[in-house]
Every structure is written in structure tokens, then in C-alpha cells.
Amino acid sequence: MDSIKIFSPSSVANLSCGFDVLGLCLETIGDEMIIRKSEKPGLRIIKIDGEDLPLSIEKNVAGVAAKSYLNKFPSEIGIEIEIYKKIKAGSGIGSSAASAVGAVYGISELLERNHEKIDLIPFALDGEKLASGEAHADNIAPAMLGGVTLVRDLNSLDIIKLPSPSELVVTIIHPKIELKTSHARAILKKQVPLKSLVKQTANIAGLISGLYSNDYDLISRSLRDEIIEKERSLLIPKYNSLKKSALDIGALGCGISGSGPSIFALSKGHIIANEVASGFKSIISKLDIDFDIYISNINSNGVKKMI
Ligand code: HSE
């Protein structure tokens, strides 16, 4: 095998109550990468399509992740990467995680190293750190493993793939405003009131319990954020109206996707998910802001080979 093509999916981190620990993998949108062997030794990114990102290994999330992997598992064969970015950088649906995951998984597959996906996560995290300045795997884990994931402990790679009830459908609206993860983190209060912590803990337990028992009502009651949303929502135009619209239409829950500016809604079935998308559109269309809307099932596979 001299080259492979990879689909590296987008993802939604936090899922309202699971700041920095929960995430889910999307199916309709993801980056593509071609990774090939080269007679010239070393690692090179030779093409990036779709985004204005650096080709330099040290400055590119995919490059840093790939280099981290190759430092640990060197290759005498040279490697070239072409990146076809379909996920907008800074959108809040795991663009940097997709780049990092795709590069590491792609090289491991190309070289037929037979690593378990979970063991590739630390290298992908090294790439993600370049983008967000901190290690959190709530996009990396679902992009790599697929489904809904819980990062219980990052240091020991205690990452659990949770069940994804089959009728869950995600609607995403991406208002195209610039919002850096580092800024969205910097504005957060460093202390959490005990009462809020209690509510947040109850909700994350409820959400996970609902995922295991296919209890959509419990999932809906638990998709709440007591800690992060209040401050971050101020950065997203019409956030409260968009959320109210989704919930009025019948979404199970709605919140900020990762650090924003994208907003996600989870619905039971495609009919409601489509109506939520229409509701989002009618609100955001009144503003002078470009936007994208996506509807997706939960992708249970994560990153994969396309050919
Ligand atoms: N969980 C992160 C945050 C974003 O909300 O800042 C995704 O890693």
C-alpha cells in the first residue's frame, strides 16, 4: 500500500453538562487526507486545500501530531500528507482534532502498524495542544473512536465509548464569526459554586444513564449546563433565541458546541432535527452573518480509511 485516503470526522465536545469530558462524533462533515509513502525521507505536508493553514510541520496541528507519533515510532520511509479541510477552523466542531486524528491514524494505517485507535490518542493530543494551548480530548476521543465518548482521565487514557441511541440526530448551526477556543476558555470563571457543581454532576450522570437505557426523556432533562453556558453564550449572536427555537420545536437539548461559535441541538429522529435546522435558519438569516447548517447522525466509527 503506497497511499491511503482518510475521512476524519468533525465532533461536538462538552454536550452541555460534560465540559472537557464528553463528546460525540459527526458523520456528515469531516476532513479528507491523502497520506502516501515517499522515497524522500522525512515528513512533509505538501498540500492544504480549503483553509489557509501553514504547511510547516511545526506550525500545523496535523504536522505536530504526525511528528509526535513518528518520534515515538520512527519510519525509514518518507511520508507526505495532503489535507482537504472541510471543517472550518475555529468553528467549534473539532476542526483541529480532525486534523490531528487523521494524520496520526493515517500514518499508522499506511505503515500497517496495527495500533489500537485508543493508543494513538496521546499523539493526536500533542497536535490539538498547538491549536488550543491545553490538552483536552473531548473532540479527539470521539473523532478517533466514534460514537459518544467520556474522557474519565486523560493521563491514564481512561476513555470510555458510551452507547449512542439510534434515533439521536444532531443539528449544527455554525455562525461564521471568529471565536478562538483560547478566548472562550479565558473568559470562564475559575471557581464553580457548589450548588452548580451538584446540578452539573446530576446532569452528567443522568445523561450517561439515559444513553445506556435509551431513555430520551432522561437525556433531554439532563442536557443542561450550569457552569459554562452563561458566560460563553454572550459571545454567540442570538444564542438564546436559537436555543429557545430548538427547544420549542422539540429538540431534546441544545447548547454550545465545544467552545463555540457553533450551536448543536440533539433531537429524536430526522423530522425534528430538520425542523430545528429550519428554525435556526429563519433566525440567523435576519443577521448579517454567513452560516452553515448541518444535520448528522452520530458516527459510530470515527476516523476511517476511505479506500
Ligand atoms: N471542551 C473545550 C472547551 C473545547 O469547551 O473549551 C473542545 O475541546
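## Lining of the largest pocket

In this predicted model, the residues lining the largest pocket divide into 13 nonpolar, 18 polar and 11 charged, where Ala, Val, Leu, Ile, Met, Phe, Trp, Tyr, Cys and Pro count as nonpolar, Asp, Glu, Lys and Arg as charged, and the others, Gly among them, as polar. A pocket here is an open set of points, on a 1 Å grid over the protein atoms alone, with protein on both sides within 12 Å along at least five of seven lines, whereas a cavity is a set of points where a 1.4 Å probe fits but cannot get out; lining residues have an atom within 4 Å of a point.

The largest pocket holds about 730 Å³ of space, a volume being the space filled by probe spheres set on grid points that are joined across faces, edges and corners. Of its 42 lining residues, Ala-89, Gly-90, Ser-96, Ala-131 and Thr-181 lie nearest the centre. At least two lining residues come from each of α1 (61-72), α2 (95-110), α3 (117-132) and α5 (181-186), with helices (H or I, at least four residues) and strands (E, at least two) taken as DSSP runs numbered from the N terminus.

## Second largest pocket

The second largest pocket has a volume of about 310 Å³, and among the 17 residues that line it, Lys-189, Gln-191, Ile-227, Ile-228 and Glu-231 are the closest to its centre. Helix α8 (residues 229-233) gives the most to this lining, with three residues, and by class the lining has six nonpolar, two polar and nine charged residues.

## Cavities

A search of the whole structure finds two cavities of 30 Å³ or more. The largest cavity, with a volume of about 110 Å³, is lined by 15 residues, of which Ser-16, Asp-225, Ile-228, Glu-229 and Ile-256 are the closest to its centre. Two or more lining residues come from each of α8, α9 (239-249) and β8 (253-256), and β8 gives the largest share, three residues. The classes in this lining are six nonpolar, four polar and five charged residues.

The second largest cavity, of about 30 Å³, is lined by Leu-15, Leu-24, Val-148, Leu-168, Leu-207, Leu-211 and Leu-266, a set that by class has seven nonpolar, no polar and no charged residues.

## Basis of the values

Residues are numbered from 1 along each chain as its sequence is written, and side-chain values use heavy atoms, with hydrogens and water left out. Because the model is predicted, local features need pLDDT of at least 70 and side-chain atom pairs count only at pLDDT 80 or more, while totals for chains, interfaces and linings use all residues.
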